[in-house]
Amino acid sequence: AACLDADHTLAVYRWQTGALVASKVTGPKRIFQAVFRPDSDSTFVTVGERSLCFWNVAGSVLMGKRAQLPSSIVAEIGGTTANTYLSLAFGTPQLTFTGMSTGHIIVWHEQQAVRVVKRAHTGPVFAMFTTLTDGLIVTGGKERSGKSSVKLWDSQMAKNKHFTLPIKNDATTANMTVKSVSR
């Protein structure tokens, strides 16, 4: 298990015993999610405020590699490398998908961005989930219309089915946002 404490220390614990395996101070940027690859006990990814890092646990050491955004992709997503990543999901080995506050999804091979799914949602992509068995990807986010939606994508993030959540117009559901999805 990986977690982040108030002192901005990223820590990995052995889930069976609760023993600390490795830790590292990550700096002042907030991390929103840390997820181990489903096919690995030592590789995980963190997403956060202007932060995307690919980690490997080597004994008692955490080794992190920052994401690499080629200039062509930087231009496609608005000309800045200081993006906020809100969610992530995994595809086939070494393939990672990250949902951004801008609504874009970036497809990564290892630490290198290979493709952008522009406007996957028209607002922030708060949640992502995939299974390695069939590769279908579920995303949840906010749309510019103010409504929340869930989308089911194929393994290439090319085709999707879109489900807008029916929201009653009352105070308890007016600001409902999808923050977690599963299949």
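Reader: Let me start with a detail: in strand 5, which residue is the bridge partner of isoleucine 31?

Author: The partner of isoleucine 31 in strand 5 is glycine 48. Before we go on, a word on the model: it is predicted, so local features need pLDDT of at least 70 and side-chain atom pairs count only at pLDDT 80 or more, while totals for chains, interfaces and linings use all residues. Residues are numbered from 1 along each chain as its sequence is written, and side-chain values use heavy atoms, with hydrogens and water left out.

Reader: How do I read a sheet, and what is the order of the open sheet of four strands?

Author: In general, strands of a sheet pair through backbone hydrogen bonds, either parallel or antiparallel. Two strands are called paired if DSSP finds at least two bridges between them. In this structure, an open sheet of four strands runs in the order 4-5-6-7, and its pairing is antiparallel. Strand 4 (31-36) and strand 7 (61-66) are the edge strands, each pairing on one side only. On average, neighbouring strands of this sheet are turned by 25 degrees against each other, direction ignored; the axes behind that angle are lines fitted to C-alpha atoms, for helices over the stretch in contact, and angles run from 0 to 180 degrees between N-to-C directions.

Reader: How many bridges join strand 4 to strand 5?

Author: Five, and these two strands run antiparallel. A hairpin of six connecting residues links strand 4 to strand 5. Strand 5 (residues 43-48) also pairs with strand 6 (residues 51-58), over six bridges in the antiparallel sense. Valine 45 stands opposite phenylalanine 54 of strand 6.

Reader: Which residues is glycine 123 in contact with, leaving aside its neighbours within four places in sequence?

Author: Contact means heavy atoms within 4.5 Å. By that rule, glycine 123 touches Ser101, Thr102, Gly103, Lys142, Glu143 and Arg144. The C-alpha atoms of glycine 123 and lysine 142 are 4.9 Å apart, although 19 residues separate them along the chain.
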